[in-house]
Amino acid sequence: MASYKNSFGFFVFPIMVLALLTLQAEGQGLKVGFYEKSCPHAEKIVHQRSYGGRPISFWPVGCDGSVLLDSPTNQSEKFAPPNLSLRGFNIIDRVKLALENACPGVVSCADIVALVARDVTVATKGPFWEVETGRRDGNVSLISEPINPATGLPPFFASINLLKQSFALRGLNTKDLVVLSGGHTIGMSHCSSFDSRLYNFTGKGDTDPSMDPNYIARLKLKCKQGDQTTLAELDPGSFKTFDDSYYRLVTKRRGLLQSDAALLNDPETRAYLVQSTSHGSTFFKDFGVSMVNMGRIGVLTGSQGEVRTICSKRN
């Protein structure tokens, strides 16, 4: 996901992963208030130290903090192409330092990511939800995981069928898909993620007919063909505020990524887009529910993994 989440591509915050069918992958062992006795002020500390931050994606691999790990040879998940626009690592490090001072070796980096994602969403005028905690940190972080179809996020050019299949593999339904896509109201994406839509959609030097031609003209002013470095707003004019304007853009054929535009190609996702542009929108409530669902994917609990002292390094 772009930043935020990455382009969640959530998700620029975007937000997941591993296969599900184990008890751990279904979130067993997680609960609201997990640190109530072991570190009673944990959530307050996270809230205080995450001020001014930007959302960071869970995806991939699962919600075990593996994306935070550094590698001396740049071979961890952090350095995979889909994750290069992730931001917010410094916020996680700042929160972790404060928590280690208060409760050494207690609060996992994976839980910090989940809590910061919620607090930064609230700070950008988005919804509040209760975060389940109790995750442990993983020890495996491979650059190949984010681009592996079985473990990584769907590509930014994914069709609606591929998106639905990918989410279903992780125990998430079509509503989760369209709701979590709304996380693209925050964040940026590299021009290279949608370059073909502007300049060479079918290999004949053409543009994507599903995108508003006026929007294409505007994007070409920012993104020249082959540009690998420039960032574009996923939700122009509102990319620092969590709201439902993303859905308005998509319905107007101004979704930046092909995976955004794909939401118009399914009756259920299209209906949610329309609903979210009306006074009957339930997006804020739904987003919290879907974030909890996503936060249960691929978790380690109990004696699995570890609680890192420094989030970018194994103990």
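Leaving aside neighbours within four places in sequence, which residues is Ser-290 in contact with? In this model, Ser-290 touches Asp-176, Val-179 and Leu-180 once those neighbours are set aside, with contact taken as heavy atoms within 4.5 Å. The structure is a predicted model, numbered from 1 along each chain as its sequence is written, and local features need pLDDT of at least 70, side-chain atom pairs count only at pLDDT 80 or more, while totals for chains, interfaces and linings use all residues. Side-chain values rest on heavy atoms, with hydrogens and water left out.

Ser-290 lies in helix H11, residues 283–294. Helices here are DSSP runs of H or I with at least four residues, strands are E runs of at least two, and both are numbered from the N terminus. With a relative accessible area of 3%, Ser-290 is buried; the scheme calls a residue buried under 20%, exposed over 50% and partly exposed in between, using a 1.4 Å probe and protein chains only. Helix H11 also holds Phe-287, which counts as buried at 0% relative accessibility. Phe-287 and Gly-183 sit 104 residues apart in sequence, yet their C-alpha atoms are 8.3 Å apart in space.

A search of the whole structure turns up eleven aromatic pairs. Rings of Phe, Tyr and Trp (its six-membered ring) pair if their centres lie within 6.5 Å, and planes under 30 degrees apart count as stacked, over 60 as edge-to-face and the rest as tilted. The rings of Phe-156 and Phe-157 have centres 5.4 Å apart and planes at 90°, so that pair is edge-to-face. Phe-156 is partly exposed at 30% relative accessibility, and Phe-157 is partly exposed as well, at 47%. Another edge-to-face pair is formed by Tyr-246 and Tyr-247, at 5.3 Å centre to centre with 70° between the planes. Both of these tyrosines are buried. Ring pairs also tie Tyr-246 and Tyr-247 into a cluster with Trp-129, Phe-242, Tyr-272, Phe-283, Phe-284 and Phe-287.

Leaving aside neighbours within four places in sequence, Lys-125 is in contact with Thr-241, Phe-242 and Phe-284. Lys-125 sits in the loop between helix H3 (109–123) and strand E2 (132–133), and is exposed, with a relative accessible area of 64%. Its C-alpha atom is 9.3 Å from that of Lys-240, a residue 115 places away along the chain. The backbone is worth a look too: Lys-125 has a positive phi of about 75° although it is not a glycine. Most residues other than glycine have a negative phi.

Asn-74 is another non-glycine residue with a positive phi, near 55°. Asn-74 belongs to the loop between H1 and H2 and counts as partly exposed at 40% relative accessibility. That loop also carries Ser-71, which is buried at 15% relative accessibility. Not counting residues up to four places away in sequence, Ser-71 touches Ser-76 and Phe-79. Along the chain, Ser-71 and Ser-312 are 241 residues apart, while their C-alpha atoms are separated by 8.7 Å.

The axes of H1 (residues 42–49) and H2 (residues 89–102) come within 9 Å and cross at roughly 145°; axes are lines fitted to C-alpha atoms, for helices over the stretch in contact, with angles running from 0 to 180 degrees between N-to-C directions. From H1, the contact uses Ala-42, Ile-45, Val-46 and Arg-49, and from H2 it uses Ile-91, Arg-94, Val-95, Ala-98, Leu-99 and Ala-102. By class, these residues divide into eight nonpolar, no polar and two charged, where Ala, Val, Leu, Ile, Met, Phe, Trp, Tyr, Cys and Pro count as nonpolar, Asp, Glu, Lys and Arg as charged, and the others, Gly among them, as polar.

Finally, there is a charge over a ring: the charged end of Lys-78 sits over Phe-89, 4.4 Å from the ring centre. The criterion is NZ of Lys or CZ of Arg within 6 Å of the ring centre and within 35 degrees of the ring normal.
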